[in-house]
Amino acid sequence: MSEKFNVVMAIKPGLPEKLLDESMWKRLHEIANIEQHTEITDFSDPAALERMKDADYLWYGWEAPQVTAEALNAMPKLKGIIAAQGVAYKGLTEEARQIAKDRGIFATNVQAANSIPVAEYCLGVALLESKDYTLSQHQYGEKRAYINREVNYADAGTYGKTIGIVTATAQIARDFMQMLKPFDFNVLAWSRHLTDEEAAEYGAKKVDLDTVFRESDIVSIHTPGIPQTAGMIGAHELGLMKDGALLLNSARGIVIDHKALEKELVSGRIRAVLDVTDPEEPLPADSPLWGLPNVVLTPHIAGSMGCDLNRMGASVLTEFEHIAAGEPPVHFEANPLA
């Protein structure tokens, strides 16, 4: 067996024990020198610096301190950053990214693993809300008597319904479209750089953004929350939606103009399932969206949590095992400066 490599962790304290179960930790200890319960929360801490000087790899993740040039310089042997989050390089300063490029330090992420539970959330919402799940539960609870489903929910069901995907090139959107294949939905897809062939590969039809909003029974948002996309979905797009159509947002709240969304939802014209909001969840206690029968608010639960964290941990462990075997990383993330 090859000599063990040295790993230090900069990640939310206690999170590694949720990412890796006991058997995973055993496998990691067989190939790496890594001390549990020694998460670095300050790269300038003397005890952390002592461990960092011999680090071959940095296990990086949620709520970690930003990786600065000084932090990388304190790890002269560093070969790679294994990130237990969707994007590794967002944790590095611009100067640190340049140093990583110059020194050939690679990075990996768990975007593929973290995408799955979000796509599953979207699939669950699409199936249940196509059956008027929330509406029927609310009405049944209010009436507490017989409800004629053929009258009250005349359009319920999945057969032939249309789901529109906004930013279909995102990993979560691709996973969601893949999961939709066994069902009888029509799928419309929009993204700035999506091709007809890429859409068809996922069983979807490429259309423009207005068509997604105009023709879909469910519109699912997968746009990253960056300054360029803030308020991208506004009164125009929301106004195109069919009466009773559903807006599903599991991406970021800032992508949607919240005032325009609030106006449509308070009117009752459309429905929404929002796992993310603007302002960021939770909404203020006096927000009119709380308690609306056509709105479901969940507290940012779509991503990895609970047992799904083990999938992320398995991805991290896979990277380390490939490293130990002399193989290239599985989920390589290109340096933005490359």
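Modeller: Ala, Val, Leu, Ile, Met, Phe, Trp, Tyr, Cys and Pro count here as nonpolar, Asp, Glu, Lys and Arg as charged, and the others, Gly among them, as polar. The model is predicted, so local features need pLDDT of at least 70 and side-chain atom pairs count only at pLDDT 80 or more, while totals for chains, interfaces and linings use all residues. Residues are numbered from 1 along each chain as its sequence is written, and side-chain values use heavy atoms, with hydrogens and water left out.

Colleague: By class, how many residues does the lining of the largest cavity have?

Modeller: On a 1 Å grid over the protein atoms alone, a cavity is a set of points where a 1.4 Å probe fits but cannot get out, and a pocket is an open set with protein on both sides within 12 Å along at least five of seven lines; lining residues have an atom within 4 Å of a point. One cavity of 30 Å³ or more is present, and the largest holds about 40 Å³, a volume being the space filled by probe spheres set on the points, which are joined across faces, edges and corners. Its lining consists of Asn 249, Gly 253, Ile 256, His 258, Leu 261, Leu 274, Val 276, Thr 277 and Asp 278. By class that gives four nonpolar, four polar and one charged.

Colleague: Which element gives the most to the lining of the largest pocket?

Modeller: That pocket has a volume of about 1,100 Å³. Of its 36 lining residues, Gly 86, Lys 90, Asn 114, Ile 172 and Arg 252 are the closest to its centre. β3 (57-61), α6 and α9 (171-180) each supply at least two residues; helices (H or I, at least four residues) and strands (E, at least two) are DSSP runs, numbered from the N terminus. The most, four residues, come from α6.

Colleague: How many residues of the lining of the second largest pocket are charged?

Modeller: The second largest pocket holds about 250 Å³. Among its 17 lining residues, Asp 132, Asp 155, Lys 161, Gly 244 and Arg 271 lie nearest the centre. Besides six nonpolar and three polar residues, the charged ones number eight.

Colleague: Which strands stand at the edges, each with a single partner strand?

Modeller: Two strands pair if DSSP finds at least two bridges between them. Seven strands make an open sheet with parallel pairing, in the order β8-β7-β6-β9-β10-β11-β12. One side of each edge strand is left without a neighbour in the sheet, because each has a single partner; these strands are β8 (205-206) and β12 (295-297).

Colleague: What is the residue opposite Ile 165 in β9?

Modeller: Strand β6 (residues 162-166) and strand β9 (residues 218-221) run parallel and are joined by four bridges. Opposite Ile 165 stands Ser 220.

Colleague: Why is strand β4 largely enclosed by the rest of the structure?

Modeller: Buried means under 20% relative accessible area, exposed over 50% and partly exposed in between, with a 1.4 Å probe and protein chains only. Gly 80, Ile 82 and Ala 84 are buried on one side of β4, and Ile 81 and Ala 83 on the other. The strand (residues 80-84) is largely enclosed because five of its five residues are buried.

Colleague: In β5, what is the bridge partner of Ile 82?

Modeller: β3 pairs with β4 in the parallel sense over five bridges, and there Trp 59 stands opposite Ile 82. β4 also pairs in the parallel sense with strand β5 (residues 106-108), over three bridges. The partner of Ile 82 in β5 is Thr 108.
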